[in-house]
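These are my notebook entries on one structure. I set down what I looked up, entry by entry.

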Amino acid sequence: MAGHIYQEAFEYAMNELHKEYIAKNDEDTFLLWFNLDYVEDTIDTITASVKTEFLSFNMKKNGYITIIQNKIREITGQENIVLNVIVVKNEINISPESDDDEDIKIFKSQTIETQNEKTDENDTNQKKKKHPLLNEDFNFDSFIPGENSDYAYKAALAVAQKPGKKYNPILFYGGSGLGKTHLMEAIGNYIYQNNPENLKICYISAENFTNEFTSSITSKKTNDFKNKYRNLDVLLLDDIHFLSGKEATQEELFYTFNALSDKNAQMVFTCDRPIREIQKMANRLVSRLSNGLSIDLQPPNYETRIAILQKKLQLKEKELNPEIIEFIAKNVETNVRELEAALNKVLGYIELFGGSPDLDTVKNQLKDLITANSIENISIDIIQKVIADNYQVSVSDLKSKKRDKKFVIPRQIAIYIAREITEISFMELGNEFGGKDHTTMMHAYEKVKDLIKIDPSLNNKIQLYIREIKEHK
């Protein structure tokens with residue numbers, strides 16, 4: 001039976017969250033994405049409404065509904081209470097405090113009917129075959145290949161068209177938000193859409209694979225685990241760098257790999273770096289994973305970023321002033337995920353306030369995101385730490401005068417990167433590396449520059465480090 005038992009708790013939770021976002025200088029996010037109205041509640045559910053599908057989708061996608069729900073649980077002490085968000089587009093004025101139950105019944109009826117219509121439409125669309133483990137938005141049509149990812153895109157499509165026969169296994173590696181998971185799931189979706197329904201396709205993160213394997217040991221169901229994974233037709237294993245140091249899981253994956261390879265099952269993996277650079281990974285597993293095709297995804301260039309933004313707008317059936325699109329493309333360079341976050345923030349502003357914002361308004365809305373992507377935030381300390389961690393030496397080793405090869409190479413690479421992505425002079429750079437003179441810094445920089453010309457793989461490695469540095473928190 002519907003009532004208003006939790007209305008006060010809901011409003012108090014929203015007020016507290018508003019204060020929290022103000023305290024961390026992020027009130028704009030609250031005003032954009034926490035814009036919902038209380039409707040009613042039952043003993044274990046609070047229903048609230050938003051005005052557009054766009055708001056509903058992005059609130060769920062970005063975890064804002066979960067944030068509100070957790071705050072309500074914290075305030076009420078009711079751990080099982082659920083926040084249900086519905087979309088209400090009609091103009092009926094309903095006050096939650098109204099005594100007119102009939103109005104509320106009309107409101108509920110219209111809302112349910114609207115939702116049922118949408119559900120019927122969705123069911124019709126999903127008869128195309130939607131895999132329960134895959135994101136249907138991750139397909140080849142929605143992926144925009146550029147110079148950074150054209151090779152990866154074409155290879156992924158070839159794998160999808162001839163699973164188990166072309167590039168098996170295939171490994172995509174690179175920084176976060178560059179499209180690795182998108183291509184992996186696009187392969188899965190394509191295979192599922194164009195092959196018999198009884199095909200066994202599994203998408204899983206390496207973390208969940210590990211947790212499931214550990215659980216099977218605890219519950220003494222390892223045979224069930226082995227039967228599940230060794231009989232697949234397609235294995236899509238995301239973020240395998242998570243397996244670093246997990247010897248038992250690596251061993252299980254090794255045997256799973258062999259079993260799937262014997263039956264020509266397609267295997268697709270993703271990783272944040274070249275497989276041979278993952279520390280504490282069994283050599284025989286590295287060897288298996290290296291036998292296939294490994295492709296590096298780089299950050300998209302300016303032209304590709306423009307194309308990505310235009311495609312996102314097309315899919316959302318939205319339009320945006322070209323100068324705003326150009327501003328976002330020029331200032332968000334790190335990855336596609338950040339690019340989409342910037343676009344969604346602008347579209348969210350338009351949804352709430354209407355009209356087309358001018359460039360100054362957009363700059364103000366995106367100032368935090370733009371600042372986070374700016375190289376101005378990159379310090380020499382961060383560069384030194386990232387390089388030291390990757391080469392398993394200490395920062396003091398980089399600053400020292402030690403001439404061992406294990407110290408000289410990472411030192412020169414750190415100097416090269418610092419010179420490339422900051423505006424620091426060679427003299428200042430020398431001070432940051434233990435008081436060395438500027439000619440030593442120049443020599444180190446030129447040395448790496450020359451090596452890159454004869455060894456393209458070194459440049460790929462350096463670009464990977466630069467991405468890690470820019471994303472370093």
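In what order do the strands of the open sheet stand, and how do they pair? I was working from a predicted model, in which local features need pLDDT of at least 70, side-chain atom pairs count only at pLDDT 80 or more, and totals for chains, interfaces and linings use all residues. Residues are numbered from 1 along each chain as its sequence is written, and side-chain values use heavy atoms, with hydrogens and water left out.

**Entry: the sheet.** I found 5 strands in an open sheet, in the order β5-β6-β7-β4-β8, with parallel pairing. I took helices (H or I, at least four residues) and strands (E, at least two) as DSSP runs numbered from the N terminus, and counted two strands as paired if DSSP finds at least two bridges between them. β5 (201-205) and β8 (293-296) stand at the edges with a single partner strand each, so one side of each lacks a neighbour in the sheet. From one strand to the next, the twist averages 15°; axes are lines fitted to C-alpha atoms, for helices over the stretch in contact, and angles run from 0 to 180 degrees between N-to-C directions.

I then looked up strand β4 (residues 170-173), which is joined to β8 by 4 bridges and runs parallel to it. L171 stands opposite S294 in β8. Helix α8 (residues 206-218) packs on the sheet and touches β5 and β6 (234-238); contact means heavy atoms within 4.5 Å. The direction of α8 makes about 95° with that of β5.

**Entry: S142.** I located S142 in the loop between α5 (101-126) and α6 (150-161). Is S142 buried or exposed? S142 counts as buried at 10% relative accessibility (buried is under 20% relative accessible area, exposed over 50%, partly exposed in between, with a 1.4 Å probe and protein chains only). Apart from neighbours within four places in sequence, S142 contacts D137, H182, K311 and L315.

**Entry: aromatic rings.** I noted 19 aromatic pairs in the structure. Rings of Phe, Tyr and Trp (its six-membered ring) pair if their centres lie within 6.5 Å; planes under 30 degrees apart are stacked, over 60 edge-to-face, and the rest tilted. The ring centres of F34 and Y64 are 5.1 Å apart and their planes stand at 50°, so this pair is tilted. F34 lies in the loop between α2 (27-33) and β1 (37-41), and Y64 in helix α4 (residues 64-76), 30 residues apart. F34 is buried at 3% relative accessible area, and Y64 is buried at 13%. Y21, F30, W33, F34 and Y64 form one aromatic cluster.
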